[in-house]
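Open your viewer and get the selection tool ready. We will go from stop to stop.

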Amino acid sequence: MLVDTGFAGNAAAAPSPAAAGPAPTAGAPAAPPAVGRDAERILAVLKQANVTVLDYLVITHYHGDHVGGAADLASRIPIRNFVDHGPYTVELQPNRSAGFVAYRTVRDRARAIVPKPGDQLPIAGLDVLVVSSASALMTTPIPGAPAAGAPNPLCRNARLKVPDPTPENTESIGLVVRYGNFRLLNLGDLTWNQEHQLVCPDNLLGTFDVFHTTRHGDPNSGAPQMVHALRARIAVMNNGERKGGAPEYWQMVRDAPGLGDLWQLHRSAAGAATHNSPEQFLANLNETDHGHHLKLSARADGSFVMTNERTQFTKEYPERATRATRTSAP
Ligand SMILES: [Zn+2]
């Protein structure tokens, strides 16, 4: 089981048995009153899955919305291993280092794994590959991944962007999670130009079933030369009502070739009537609600089910036709 805290944060909790079900991450509050709230929400989801110990907690990077709840969570459930980009932050503004400072006290007493791109996290039943960490990126195609290593024609007229002034984002741990034929990409808050490097001139990542949007749908990330090359069947945007969810990012994902649905953690205020998905794909309609989550249950054949916990709306995504054809061929 993999839990992704989405807007609240981006850490992957991975209890061992191959429970097949990616869902939320262990995350972090943007403001102090939210601390207990986020830990409680994570614990509630873990309880549903009968998880009493977290084997791995991935802290993508040290911004408050990704690490701020880690110490609180650690006080409520045993965490065997922390996975992060290293014992430092490059974010020097005092108002941005608070999350790291709180986490460091817990980290110092725990077992921390600092993976390099290309490393696998040793999670039983899941194939979890690190593709970015501490500003380093994978430089070779993911072995055995569908379409990985193919030239990417979208690189020809691809744009780069001036890096934004929040350097900690470039440190993000990015993960490719595979369960049988099912593949999910989650790059945390990795930046536009780094996304570009992962797929240009060759797409090192391959194609996916699920794309978890980078940086909550903020236009400092979301390079179309990457997102459109992923051929994801659905995207999950971990946006808040007023965080990420930018109309241009939303539209870029919506226009991705082969994309079925774009699920969102919140309705985006900026997206208004034209740049939000239909309500059944929105976990929360505003931020004064109850922190509803989206649940993804994947099967080894590559099929998966999405559930909107707010409405109990579910949608089945069957095994890919090409694979089905191949397996049923004489
Ligand atoms: Zn973030």
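What follows is a tour of one predicted model, one selection at a time.

**Before you start**

Residues are numbered from 1 along each chain, as its sequence is written. The model is predicted: local features need a pLDDT of at least 70, side-chain atom pairs count only at pLDDT 80 or more, and totals for chains, interfaces and linings use all residues.

**Stop 1: the whole chain**

Show everything and colour by pLDDT, the predictor's confidence in each residue, from 0 to 100. The chain averages a pLDDT of 88. A score of at least 70 is reached by 87% of the residues.

How many of the 330 residues count as buried? The share is 51%. Buried means that 20 or more other C-beta atoms lie within 10 Å of a residue's own; exposed means 12 or fewer, and partly exposed is in between, with C-beta atoms placed from the backbone.

**Stop 2: strand β10**

Select residues 174-179. This is strand β10, and six of its six residues are buried, so the strand is largely enclosed by the rest of the structure. Look at both faces. Gly174, Val176 and Arg178 are buried on one side. Leu175, Val177 and Tyr179 are buried on the other.

β7 and β10 pair in the antiparallel sense over five bridges. (Two strands pair if DSSP finds at least two bridges between them.) Serine 132 has glycine 174 of β10 as its bridge partner.

Leucine 175 stands opposite asparagine 186 of β11. The two strands, β10 and β11, form a hairpin with two residues between them. In that turn, glycine 180 has a positive phi of about 60°.

**Stop 3: isoleucine 173**

Step back to isoleucine 173, in the loop between β9 (150-151) and β10. Is isoleucine 173 buried or exposed? Isoleucine 173 is buried, because 28 other C-beta atoms lie within 10 Å.

Contact means C-beta atoms, placed from the backbone, within 7 Å.

**Stop 4: the nonpolar core**

Select Leu57, Leu175, Leu205 and Leu230. In the largest nonpolar core, with 77 residues, these four touch the most other members. Such a core is a set of buried Ala, Val, Leu, Ile, Met, Phe, Trp, Tyr and Cys residues joined through C-beta atoms within 7 Å. Zoom in on leucine 230. Beyond four places in sequence, leucine 230 touches Leu185, Leu205, Thr207, Phe208 and Phe211.

**Stop 5: helix α7**

Select residues 247-254. In this helix, α7, Tyr249, Trp250 and Val253 are buried. Seen down the axis of α7, the buried residues fall within an arc of 100°, so they line one face of the helix. The arc is that of the directions from the helix axis to the C-beta atoms. The cover over these buried residues includes α6 (224-227), β14 (234-237) and β15 (261-266).

**Stop 6: a three-stranded sheet**

Select β17, β18 and β19. They form an open sheet in that order, with antiparallel pairing. β17 (294-298) and β19 (313-317) are the edge strands, each pairing on one side only. β18 (residues 304-308) pairs with β19 over five bridges. Methionine 306 has lysine 315 of β19 as its bridge partner.

**Stop 7: loop details**

Select proline 201, in the loop between α5 (192-199) and β12 (202-203). The peptide bond from cysteine 200 to proline 201 is cis, with omega near 0°.

Move to arginine 215, between β13 (210-212) and α6. Arginine 215 has a positive phi of about 45°, although it is not a glycine. With 28 C-beta neighbours inside 10 Å, arginine 215 counts as buried.

Select residues 7-33, then 324-330. pLDDT stays under 50 over residues 7-33. It also stays under 50 over residues 324-330. Where pLDDT is low, the predicted coordinates should not be read in detail.

Terms used: Helices (H or I, at least four residues) and strands (E, at least two) are DSSP runs, numbered from the N terminus. Two residues are in contact if their C-beta atoms, placed from the backbone, lie within 7 Å.
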